[in-house]
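Here are some notes to read alongside the model.

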Amino acid sequence: MKPPHPAYQTIATPTPGLQESLSSAGTFVERNDIDGWVEAIRILDDPAVYQTKSDAALRRSADLDPEPYIDLFEREMCAVAVRWQHRY
């Protein structure tokens, strides 16, 4: 899953994958809601709104960063390999 880029504000159709990926960092508008899309873009002209969305994107990006889990995953896989070696 690719996290939102913190430098860009994302406006998207609320499909399940995008909702999961973007979470509260995204702005969701139904695909055929042209007025909704226009309004979502206009809202981002407000510096406070833009900053709030940027902060949310940074938090979501950090939430989806796999780096903290890589060492744990490696240790667990090594432990599984050792247990399997002793079985055979």
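1. The protein chain exposes about 6,800 Å², an accessible area from the Shrake-Rupley method with a 1.4 Å probe, where for residues only the protein chains shown count as cover. Carbon and sulfur atoms supply 58% of that area.

2. This is a predicted model: local features need pLDDT of at least 70, side-chain atom pairs count only at pLDDT 80 or more, and totals for chains, interfaces and linings use all residues. Residues are numbered from 1 along each chain as its sequence is written, and side-chain values use heavy atoms, with hydrogens and water left out.

3. The protein chain holds four helices and two strands. Helices (H or I, at least four residues) and strands (E, at least two) are DSSP runs, numbered from the N terminus. The order from the N terminus is β-α-β-α-α-α.

4. How does the radius of gyration of the protein chain compare with that of a compact globule of 88 residues? The globule would be near 12 Å, but the chain has 19 Å. The radius is taken over C-alpha atoms, and the globule rule is 2.2 Å times the number of residues to the power 0.38. The C-alpha trace spans about 65 × 25 × 15 Å along its principal axes.

5. Of the 88 residues, 19% are buried. Buried means under 20% relative accessible area, exposed over 50%, and partly exposed in between (1.4 Å probe, protein chains only). Among contacts with a separation of 6 or more, 53% join residues 24 or more positions apart. A contact means heavy atoms within 4.5 Å.

6. Now helix α3, residues 47-63. At 1.5 Å a residue, its 17 residues should span 24 Å, and its end C-alpha atoms are 24 Å apart, which agrees. The expected span is 1.5 Å times one less than the number of residues.

7. Which residues of α3 are buried? They are K53, S54, A56, A57, R60 and S61. Seen down the axis of α3, these buried residues fall within an arc of 165°, so they line one face of the helix. The arc is that of the directions from the helix axis to the C-beta atoms. Their cover includes α1 (16-22) and β2 (26-28).

8. On the other side of α3, P47, T52, R59, A62 and D63 are exposed. P47 counts as exposed because its relative accessibility is 63%. From P47 to A57 is 10 residues in sequence and 15 Å in space, C-alpha to C-alpha.

9. D46 caps the N-terminal end of α3. One of its side-chain oxygens lies 2.8 Å from the backbone nitrogen of A48.

Conventions:
Polar contact = N/O pair within 3.5 Å; in protein donor to acceptor, adjacent residues only side chain to side chain.
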